[in-house]
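Visitor: I would like to go through this model with you. Could we begin with the charged pairs?

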Amino acid sequence: VVLLVRPPNAPEMPKDKLDQLQEAHLANIKRLAQGRKILKAGPFEDYSGRNVRGMFICNTSSKEQASEWVGTDPSVKAGRLTAEYLKWYVEKGSLQ
């Protein structure tokens, strides 16, 4: 599981650039999902105060592999999101 967190030092961008970045972010999620690299992804409404913006459930048990896939995300590349990696133990085959 990858938590996508807005860092306190995220670069400011004009609205049109943010809209383009969001479009590219969603296109990248779709590409990763079509390749079965991400099983699920979605935004959060975060009440924790940590500014967690969303998550990916990656189809790998390797942090290195998940990091490679998440590293293709335009919002991560732009510094608008940072990734936190968690190993989630679920019954094998339950996320088909």
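Visitor: Is Glu84 buried or exposed, or in between?

Guide: Glu84 is partly exposed, because its relative accessible area is 30%; the term covers values between buried, under 20%, and exposed, over 50%, with a 1.4 Å probe and protein chains only. This is a predicted model, in which local features need pLDDT of at least 70 and side-chain atom pairs count only at pLDDT 80 or more, while totals for chains, interfaces and linings use all residues. Residues are numbered from 1 along each chain as its sequence is written, and side-chain values use heavy atoms, leaving out hydrogens and water.

Visitor: Which residue forms a salt bridge with Glu84?

Guide: Arg50 does, with 2.6 Å between the closest N and O atoms. A salt bridge here is a side-chain nitrogen of Lys or Arg within 4 Å of a carboxyl oxygen of Asp or Glu. The pair links distant parts of the chain, 34 residues apart: Glu84 lies in strand β4 and Arg50 in the loop between β2 (38–43) and β3. Helices (H or I, at least four residues) and strands (E, at least two) are DSSP runs, numbered from the N terminus. Arg50 is partly exposed, at 40% relative accessibility.

Visitor: How many salt bridges are there in the whole structure?

Guide: The search finds 2. Asp19 and Lys15 also form one, their closest N and O atoms being 2.8 Å apart. These residues are 4 apart in helix α1, so about one helical turn separates them. Lys15 is exposed at 59%, whereas Asp19 is partly exposed at 41%.

Visitor: What does Asp73 touch, leaving aside residues up to four places away in sequence?

Guide: Asp73 touches His25, Asn28 and Phe56, where contact means heavy atoms within 4.5 Å. Phe56 in turn has contacts beyond four places in sequence that include Val2, Leu4, Ile29, Ile38 and Val70.

Visitor: Which residues make up the largest nonpolar core?

Guide: It has 11 residues: Val2, Leu4, Ile29, Leu32, Ile38, Phe56, Cys58, Ala66, Trp69, Val70 and Leu81. The elements giving two or more residues to this core are β1 (2–5), α1 (15–34), β3 (52–58) and α2, and the largest share, 3 residues, comes from α2. Such a core is a set of buried Ala, Val, Leu, Ile, Met, Phe, Trp, Tyr and Cys residues joined through side-chain atoms within 4.5 Å.

Visitor: Changing topic, where is Asn59?

Guide: Asn59 is in the loop between β3 and α2, and is partly exposed at 39%. Its contacts beyond four places in sequence are Arg36, Lys37, Leu39 and Trp69.

Visitor: What is the phi of Arg36?

Guide: Arg36 is not a glycine, yet its phi is positive, about 60 degrees. Arg36 is found in the loop between α1 and β2. Asn51, also not a glycine, has a positive phi near 65 degrees and is placed in the loop between β2 and β3.
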